[in-house]
Amino acid sequence: MNYPVNEVFETIQGEGMFTGVPAIFVRLQGCPVGCAWCDTQHTWEKLAQNQVSPEQVIQVDGSIGRWSEMTAKELIGHFTRMGFSARHVVITGGEPCMYDLQDLTTALEQAGYRCQIETSGTFEVNCSVDTWVTVSPKINMKAGMIVRQDALQRANEIKHPVGLMRHVEELDALVADIDTTDKVMCLQPISQKARATELAMQVCIDRNWRLSIQTHKYLNID
Ligand code: SF4
């Protein structure tokens with residue numbers, strides 16, 4: 001199966017459960033969710049005129065909307081050619097769950113990688129059983145897409161940005177019918193704001209949840 005790849009790069013996972021872990025990020029093109037504050041808007045449209053060769057999306061600044069069709073085998077070949085040493089692969093977007101990720105995650109695992117998907121929860125999650133699924137639910141965004149209960153059920157980790165108590169309440173309503181005892185529940189302060197951090201810390205302490213800090217923003221890396 002071919003996947004529309006916007007960029008591939010190696011860095012440190014900056015947030016959530018795998019904070020600090022060296023990781024290869026595979027960013028897929030395409031997302032219909034429409035978050036107003038999205039910092040990867042260049043991934044929203046998969047325009048035919050922006051299709052390029054695989055070489056043009058590997059280790060190249062991906063802040064534009066170009067993309068290339070690649071198979072799992074081609075991607076793994078690029079990892080080797082680039083000399084990437086990380087064994088953790090983060091499949092992100094865009095919205096990666098627009099695509100069936102079973103092939104990709106299975107092939108990566110067979111090649112010795114651990115997979116993580118970062119998704120908005122607005123699509124069914126299709127991936128290997130062992131893939132770590134992080135759902136960062138996008139509630140009431142412009143496109144009016146519903147955060148799916150089956151995506152939340154599949155999640156290993158639910159990571160929610162918070163600035164106000166109402167964001168915590170939104171999350172509570174969303175997971176009201178889900179057993180979260182086996183999930184890592186993370187709150188992530190919005191934009192490193194002091195009040196958001198204070199709120200997130202307090203709720204995490206009260207509930208024994210995990211605080212997710214966007215460490216890459218403090219380190220000034222991707
Ligand atoms: Fe951007 Fe992610 Fe929202 Fe899509 S789901 S609009 S990629 S933040």
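Does Trp132 count as buried or exposed, and at what relative accessibility?

Mentor: At 18% relative accessibility, Trp132 counts as buried. Buried means under 20% relative accessible area, exposed means over 50%, and partly exposed lies in between, with a 1.4 Å probe and protein chains only. Before going on, note that this is a predicted model, in which local features need pLDDT of at least 70 and side-chain atom pairs count only at pLDDT 80 or more, while totals for chains, interfaces and linings use all residues. Residues are numbered from 1 along each chain as its sequence is written, and side-chain values use heavy atoms, with hydrogens and water left out.

Trp132 belongs to strand β6, which covers residues 132–135. Helices (H or I, at least four residues) and strands (E, at least two) are DSSP runs, numbered from the N terminus. Leaving aside residues up to four places away in sequence, Trp132 touches Met17, Phe18, Cys115, Gln116, Ile117, Asn156, Glu157 and Val184. Contact here means heavy atoms within 4.5 Å. Tyr99 is 33 residues from Trp132 along the chain, and their C-alpha atoms are separated by 16 Å.

Asn140 has a positive phi of about 55° although it is not a glycine, and at 68% relative accessibility it counts as exposed. Asn208 also has a positive phi without being a glycine, with a value near 60°. Asn208 sits in the loop between α5 (194–207) and β9 (210–211), and it counts as exposed at 71% relative accessibility.

Strand β5 (114–119) is one of the elements against which the buried residues of helix α2 pack; the others are β1 (3–12), α1 (72–82) and β4 (88–92). In α2, which covers residues 102–110, Leu104, Thr105 and Leu108 are buried. Seen down the helix axis, the buried residues of α2 fall within an arc of 90°, so they line one face of the helix. That arc is taken over the directions from the helix axis to the C-beta atoms.

Two glycine features lie around α2. Gly94 is in the loop between β4 and α2, and the peptide bond from Gly93 to Gly94 is cis, with omega near 10°. Just after α2, Gly112 takes a positive phi of about 95°.

Strand β1 also contains Glu10, which is partly exposed at a relative accessible area of 31%. The C-alpha atoms of Glu10 and Ile178 are separated by 34 Å, and these residues are 168 apart along the chain.

Now the whole chain. It has six helices and nine strands. Its radius of gyration is 17 Å, close to the 17 Å that the globule rule gives for 222 residues, so the chain is as compact as a globular protein of that length. The radius is taken over C-alpha atoms, and the rule is 2.2 Å times the number of residues to the power 0.38. The C-alpha trace spans about 50 × 35 × 35 Å along its principal axes. Of the 222 residues, 50% count as buried. Among contacts between residues at least 6 apart in sequence, 62% join residues at least 24 apart.
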